[in-house]
Amino acid sequence: QVDLAAQAAAAVQRVDGAFIRANAAKTPDWPTTGVDYAETRYSRLDQINAANVKDLGLAWSYNLESTRGVEATPVVVDGIMYVSASWSVVHAIDTRTGNRIWTYDPQIDRSTGFKGCCDVVNRGVALWKGKVYVGAWDGRLIALDAATGKEVWQKNTFEGQKGSLTITGAPRVFKGKVIIGNGGAEYGVRGYITAYDAETGEQKWRWFSVPGDPSKPFEDESMKRAARTWDPSGKWWEAGGGGTMWDSMTFDAELNTMYVGTGNGSPWSHKVRSPKGGDNLYLASIVALDPDTGKYKWHYQETPGDNWDYTSTQPMILADIKIAGKPRKVILHAPKNGFFFVLDRTNGKFISAKNFVPVNWASGYDKHGKPMNIAAARDGSKPHDAVPGPYGAHNWHPMSFNPQTGLVYLPAQNVPVNLMDDKNWEFNQAGPGKPQSGTGWNTAKFFNAEPPKSQPFGRLLAWDPVAQKAAWSVEHVSPWNGGTLTTAGNVVFQGTADGRLVAYHAASGEKLWEAPTGTGVVAAPSTYMVDGKQYVSVAVGWGGVYGLAARATERQGPGTVYTFVVGGKAKMPDFVAQRTGQLLQGVKYDAAKVEAGTMLYVANCVFCHGVPGVDRGGNIPNLGYMDASYIENLPNFIFKGPAMARGMPDFTGKLSGDDVESLKAFIQGTADAIRPKN
Ligand SMILES: O=C(O)c1cc(C(=O)O)c2c(n1)C(=O)C(=O)c1cc(C(=O)O)[nH]c1-2
Ligand SMILES: [Ca+2]
């Protein structure tokens, strides 16, 4: 009889700063979300390698019992895995068998799914001295006992703050402090991160990324300086200003510096936020902080005057590379804005930037690290095909860096979106035609007022950060592919939107192996050794912002952890077929209401449900393919309906009975309009 709880406790008890740093040298574990503080996602293990990866097979699969996006990288110490699924549920798994040790469900109120922009996801947990930390959707930072999954302490990280805040990112633990930020910049919030004592949960420090009301005292010098880059006539503090830090943090122990990527402006429109212009610090920046005090050290702003949801929260990597023959300590970063950045992490100085996909907002960066803006992208008076669009040339899907090949493996993409300024925008004014305003969005932009012309794509890039060019690339069938893992075995692993886990040769890009995963993969894999054998695991669950309304497989959930080993022979689990069905037919409606319904649909429904019959539905159903009875009974779903248990908001008091009739008219009217005529 093995005592798994005791094993789990003993394993995580060992995880501290020295353990995590040692891992970067060579140990069998994957103790933090990005494997080490530098978040290289490079494993020194080479038992699985370019020669034998073709013999990988399934060791086991584990049902995460979730139907929404799964974005966490499994962390593993001494063969014990910790991974989170949607709704911030944490699972502890014995990797020797694939059996559950415990699960922890923070019991998020499922009707609050609309409070976050981009699916009810969680990007994983942190481990430290016997505890497992998860940032829950509702703002609680929760410390769990690694042995039992029982709560040790919890803190409301949203206390004292306003707006629609949600946590989606993985906490990080630097020097005994658990650090967490949150999302919300689509809704009108002010960004901040907070550090808590890992042992007790006591708050140690908080750093805001944008200044508050300038008529009140600033929290620190960094805020005072930042305020000079905003125009007070925009009253940015009323809508918060944005700059949410919802994903990336790294730490350099030698330099005693932590780095955080900041988010987009809130609202998105630069003109509305800061009418006379200005860079709007510290939006869309990499910021260096003192991990002991949270004090600002330096920043580099990647997108001055953000206007397109160009967050810099995308996962960064710390690397030591040679540039012009000299060893440099750098940050490698590919934010949403489509440029690949190399920065000196000792001082924040710009080294180089190069676009890794086509972009139309800047023609490049000058030698001081300032972008050369293209005026049309900031005009805002007419629909502009923003390339990259707000989904980003690269989103949160982690990239990896292999020091042997010198290449960064980067999931790149384009999701076409047309943007135009909403001149009549006012904070928290919901209204027909205002995108997502019924669920609280405050972007001050119209989306797709005419159809975008740019083409969607998904691409794995093997990017050379010194030469600033691709060494090789692979085209995928869809945007929104998984994060990457690379190893000393000369392999790159990536999951795909169309439901495969694929291994490539790290130097040549040659495809070496693939396995079906049932549904689309968005998370990054991890690898580790247990009892002398190397395993590769990936948590699968289609979703995230693009996955709400679109998909590239015919299967959906449940969220599943797959674990592969050379010679593995386990059977694939059965997956549920997506309901593709027939176009909606037969719902009676008043054709005169279609136009009003269109405007209401844009304000309340489209972002999650997609365009009826045009989009296909992701992890949320497309209403153009429902049985008529659902749409006929639409009020039962819109007002305190059964789908609230799955994340549907309650529109009581926001929509009228007549509004629902208009929505019906739009949904059935659209299905009728696109039905092939014969
Ligand atoms: O501005 C924000 O605060 C914020 C938060 C989040 C989030 O917390 O997930 C995302 C975004 N923005 C965002 O712009 C975005 O593209 C995005 C994608 C995803 C996802 O998990 O798929 N989250 C987010
Ligand atoms: Ca955003």
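In this predicted model, the side chain of Gln301 places a polar atom 3.0 Å from the backbone oxygen of Leu283. The backbone oxygen of Asp279 is also within reach of the Gln301 side chain, at 2.9 Å. Gln301 belongs to strand S20, which runs over residues 296-301. With a relative accessible area of 7%, Gln301 is buried. Leaving out residues up to four places away in sequence, Gln301 touches Asp279, Asn280, Leu281, Leu283, Ala284 and Ser285.

Tyr282 itself sits in the loop between H5 and strand S19 (285-289). A cis peptide bond also joins Ser266 to Pro267, again with omega near 0 degrees. Here the proline lies in the loop that links strand S18 (265-266) to helix H5 (270-273).

Positive phi values in residues other than glycine are a further point of interest for anyone checking the backbone. Lys129 has a phi of about 45 degrees and is placed in the loop between strand S7 (126-128) and strand S8 (131-135). This lysine is partly exposed, its relative accessible area being 39%. For Trp480, phi is near 70 degrees, and the residue is found in the loop between strand S33 (469-476) and strand S34 (484-487). Trp480 counts as buried, at 1% relative accessibility.

Turning to the ligand, 20 residues surround ligand 1, and the closest are Glu71, Thr168, Gly184, Thr244 and Lys336. By class, this shell is made up of eight nonpolar, seven polar and five charged residues. Several polar atoms of the protein approach the oxygen atoms of ligand 1. An N or O atom in the side chain of Lys336 is 2.6 Å from a ligand oxygen. The backbone takes part as well: a backbone N or O atom of Ala185 lies 2.9 Å from an oxygen atom of ligand 1, and a polar backbone atom of Val545 is 2.9 Å from an oxygen atom of the ligand. On its own, ligand 1 has 470 Å² of accessible area, and the protein covers 98% of it.

Asp247 is located in the loop between strand S15 (241-242) and strand S16 (249-252). Not counting residues up to four places away in sequence, Asp247 touches Arg123, Gly169, Arg172, Thr313, Pro315 and Trp396.

For Met258, with neighbours within four places in sequence set aside, the residues in contact are Phe174, Ile179, Ile193, Trp205, Met249, Thr250, Phe251, Val287, Ala288, Leu289 and Pro291.

Methods
Residues are numbered from 1 along each chain as its sequence is written. Chains are lettered from A and ligands numbered from 1 in the order in which they are written. This is a predicted model: local features need pLDDT of at least 70, side-chain atom pairs count only at pLDDT 80 or more; totals for chains, interfaces and linings use all residues. Side-chain values use heavy atoms; hydrogens and water are left out. A residue is near a molecule or strand if one of its heavy atoms lies within 4 Å of it. A polar contact is a pair of N or O atoms within 3.5 Å; within protein, one must be able to donate a hydrogen and the other to accept it, and residues adjacent in sequence count only if both atoms are side-chain atoms. Accessible areas come from the Shrake-Rupley method with a 1.4 Å probe; for residues, only the protein chains shown count as cover. Ala, Val, Leu, Ile, Met, Phe, Trp, Tyr, Cys and Pro count as nonpolar, Asp, Glu, Lys and Arg as charged, and the others, Gly among them, as polar. Contact means heavy atoms within 4.5 Å. Helices (H or I, at least four residues) and strands (E, at least two) are DSSP runs, numbered from the N terminus. Buried means under 20% relative accessible area, exposed over 50%, partly exposed in between (1.4 Å probe, protein chains only).
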